[in-house]
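Work through the exercises below with the sequence and the coordinates at hand. Each task is followed by a solution in steps.

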Amino acid sequence: MIRLWTGILLALIMFWAGAARAQDFGATHTKVTLQAEGISIAPGKPFLMALHMVPEAGWHTYWQNPGDSGLSTHIEWTLPDGFKAGEIRYPTPHKVPFGPLMNYGYGTANSLLVEITPPADLAQGTVIPIGATVNWLVCDDEICVPEDARFSLELAVASGAANGDYTILFADAKEALPIAAPWPVSYVREGGRFTLSLDLPAGAALVKEAWFYPHADGVILYAAKQTLSREGDRLLLSMDAGENLQGGLVTGVLSLKVDGSPHEQGFLISAGKGVVVQDMGFLLALGFAFLGGLILNLMPCVFPVLSLKALSLAKSGGDERHARQSGIYYTLGVLLSFGAIAAVLLGLRAAGAELGWGYQLQTPWVVALLALVIFTVGLNLMGLFEFGGRFVGIGDHLTHGQGRLPALATGVLAAVVATPCTAPFMATALGYAFTQSAPVAAMIFLTLGFGLALPFLLIAMVPSLRGWLPRPGAWMESFRQFLAFPMFFTALWLIWVVGIQRGLNGAVLVMGACGLIAFAVWAGRKWRIVGAGLLLMAFYSLTYLEEPQAAPEYEDFSVEKVAEFRAKGDGVFVYFTASWCITCKVNEHIALENDRVQAVFQDQDIRILRGDWTNRDGRITRELARHGRSGVPLYIFYPKGGGDAMILPQILTPDIVIGILTGEGK
Amino acid sequence: MKHILSLSIVVLFTLNIPVWASPEVGAAAPAFSAMDSHGNIVSLGDYAGKTVVLEWTNHQCPFVRKHYDSDNMQSLQKDTTGKGIVWLSIISSAPGKQGHVSGEEANSIVEKRGSAPSAVILDGQGDIGRAYAAKTTPHMYIINGEGTLLYKGAIDDTPSARPADVKIAKNYVRVALASLAAGEDIAENSTRPYGCSVKY
């Protein structure tokens, strides 16, 4: 009996449930409304309709391409004859990841815009009924619910004036639409990777984040990471390609986030097939990397290391096993170092940094560090010091070490000193590497390392080759010292690079650090602690490599200019300085280039005149004498609107200067 | 030292493993072996020589219900299994997620709905789903007797959740199996699947 009733009950429930599953899904998880932009329609004038969708918190609706799963929104219009409804214009979508899948959609309120074009022959005052049946899918993390809604509204034919109630709604909707991209975009599909290339000058605002939402399916793998990198004037966005890339144009929305702006901006792009940037296959890149590595051995940075190691091998006599071990561990050292460099650079690339080979040379303190290391190796070659004590295992590697650890260390050293050098073929191979996936790029780096290590490996493994090396003798010591000079010149080149990056002060700072190292090396021979301390100072001084600060905008001093500005009633600040005057430079650095002081200069519209006494200048000498001085520095302030000249103290602080400039200080 | 080298190479490779590789049509279909709703171990290799249809399903997903409420899926299953084709329904929902069921629950759903799969495979860890890059429910695959993947994609060409649409849609699976029976190549062998996401 109970079974019967349960059965009937179940049947009834299934029947009801069946009935509810008919066309009408209802809209429980999304609030949807349909509005017209105008309070009326003008004949022949297209007008906008907004479908405003507000998903429940934690739920989302979908873009025109929903991604791995999901369904986009559909609108079926019921319009009188002659009315045409356009395609839905979607706002810039967002990523909605779900486990290993990726969808594109909206988790917050959004409006879909549709333009409807009325016929030109409409009688004024006619009431136009507009109907729409909307179907969409709304999902949260757990479930999906298809929903629908029906709308009908009526608009009269009149002037088509805007409806004040919806001004903000439509303004927001239009602002959220992606705009046409102002720069050319092309794409390349190669080796399972899809890369978009934008002609965006390097000087343009810094793009911090980017994501490409294609319109069509099969262009990319939706859940794949998209890597941003820069190559000169081009911005590259690279990701795994999808399976069905039909040729022709690739369209979609590119969402960019620019430094300094909290919101993304979507751009509608239409990318044509571009020229393959690196028209180089993987094998060719490997070949180039290998050649480049070989040639690196001839570069002044690496050659000393290589030749000394080779000669030490010759000197050590015939122990085959040791020789082979040396070769293998040297190679291992080189490969490990290149692997580490690759890992760091690829890690940075994965984190979104735009980089290429030479990235390490774009950071001044890395260049400075390399300069110091190479300088130190030069000192060692000169014979100024040998590694001793604790370092005897790692040190002594250039001439005496035959063990495994010294060989490994030499390999690492060879790789390190090779980094500032580039050889022919290397640049193209590495350029290719940076557009590829991590394993491919790593292979190319390791091949480069292998090319670098090969000559020594061969010498170590093949005894007959060693026979070709010159017989050891006293000349080896002179040769070793001779090899110090390529190192010194390399260090000099790197210091010049720092000079370009951080100005003269930066370059001198590094030279000073080199001086400290030489000092440390000499002192360390007798007093280890002093040596270590000086060494630390040398490296610590590198932290002072800062951005050169902007000098205040000034004109060159002349007595006439002072008179002219004073006659106009401007405030004038005159200062005399010289490159060899340390007090002057310190004052300028601390006080005059200070941000707050600069702000006061600008706010008060103060004219700045600078007299440079680095070289002889009679006029400046006379002006100094006029104020009772015979040397620099001298700081004079003539206040606005006439008034007595005020002479500032010899030692400046920002507060002193601001006080005098604003008339509030002493 | 050598360990560090191999470790670093491994690390570098994991930096960019593609999300997952979708098996290619015309290539060997990934092998699998898992428990079905009756507690038996079922492997793809068990069906060598027979055509196999894989159907990713989630009984609570509205798109799956579209095909079951309209009896579309059941009749397709009966027609195909009647011809000696093997039909495997695979549930890759993770425990606690929508669609995850125990063996008994799966069996009672099969009975209630009158569906006719050869077996219902419980893939709670999502291994088979990931091997096939199954993204939606439903997501269909057809494998021939030699183990080659012949079709992957949607069940039909009308992505919607309306049961009424099954009557007007072109059912890719039916068309593909008919082509196979006639000894012809499958014209549309890779289509875009639609449905709820598989709840890994």
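**Exercise 1. Salt bridges and the chain contact**

Task: Find which residue of chain B forms a salt bridge with Asp217(A), and state how far apart the closest N and O atoms are.

Solution. The model is a predicted one.
- Step 1: The partner of Asp217(A) is Arg192(B), and the closest N and O atoms of the pair lie 3.4 Å apart. The cut-off for a salt bridge is 4 Å, so the pair qualifies.
- Step 2: Over the interface of chain B and chain A, the rule finds three salt bridges.
- Step 3: Polar contacts between the two chains amount to 10 residue pairs, with both residues at pLDDT 80 or more.

Task: Describe the side of chain B that touches chain A by element and by residue class.

Solution. 
- Step 1: Elements that give two or more residues to this side are helix H1 (2-14), helix H2 (62-69) and strand E9 (196-197) of chain B.
- Step 2: H1(B) supplies the largest share, five residues.
- Step 3: Sorted by class, this side of chain B holds 18 nonpolar, nine polar and eight charged residues.
- Step 4: In contact terms, 35 residues of chain B meet 39 residues of chain A.
- Step 5: The size of an interface is often expressed as the accessible area lost when the parts come together. Here the area buried between chain B and chain A is about 3400 Å², and carbon and sulfur atoms give 65% of it.

**Exercise 2. A covered strand in chain B**

Task: Determine how many residues of strand E3 (52-56) of chain B are buried, and which way they point.

Solution. 
- Step 1: Five of the five residues of E3(B) are buried, so with the cut-off of under 20% relative accessible area the strand is mostly covered.
- Step 2: In a regular strand, side chains alternate between the two faces of the sheet.
- Step 3: Val52(B), Leu54(B) and Trp56(B) point one way from E3(B), while Val53(B) and Glu55(B) point the other way.
- Step 4: E3(B) runs parallel to strand E4 (86-91) of chain B and is joined to E4(B) by five bridges. Val52(B) has Val86(B) as its bridge partner in E4(B).
- Step 5: E3(B) runs antiparallel to strand E7 (139-143) of chain B, again with five bridges. There, Leu54(B) is the bridge partner of Tyr141(B).

**Exercise 3. An open sheet in chain A**

Task: Give the strand order of the four-stranded open sheet, and explain why one side of each edge strand has no neighbour.

Solution. 
- Step 1: The order is E2-E11-E10-E5 in chain A, with mixed pairing.
- Step 2: Strands E2 (40-41) and E5 (74-78) of chain A stand at the edges with a single partner strand each, so one side of each is left without a neighbour in the sheet.
- Step 3: Strand E10 (127-139) and strand E11 (144-157) of chain A pair in the antiparallel sense over 13 bridges. In this pairing, Leu137(A) has Pro146(A) as its bridge partner in E11(A).

Note on methods: Residues numbered from 1 in each chain as written. Chains lettered and ligands numbered in written order. Predicted model: local features only at pLDDT ≥ 70, side-chain atom pairs only at ≥ 80, totals over all residues. Heavy atoms only, no water. Pairing = 2+ DSSP bridges. Contact = heavy atoms within 4.5 Å. Buried area = accessible area lost by both parts, 1.4 Å probe. Salt bridge = Lys/Arg side-chain N within 4 Å of Asp/Glu carboxyl O. Polar contact = N/O pair within 3.5 Å; in protein donor to acceptor, adjacent residues only side chain to side chain. Nonpolar A, V, L, I, M, F, W, Y, C, P; charged D, E, K, R; others polar. Buried < 20%, exposed > 50% of the residue type's maximum accessible area, 1.4 Å probe, protein only.
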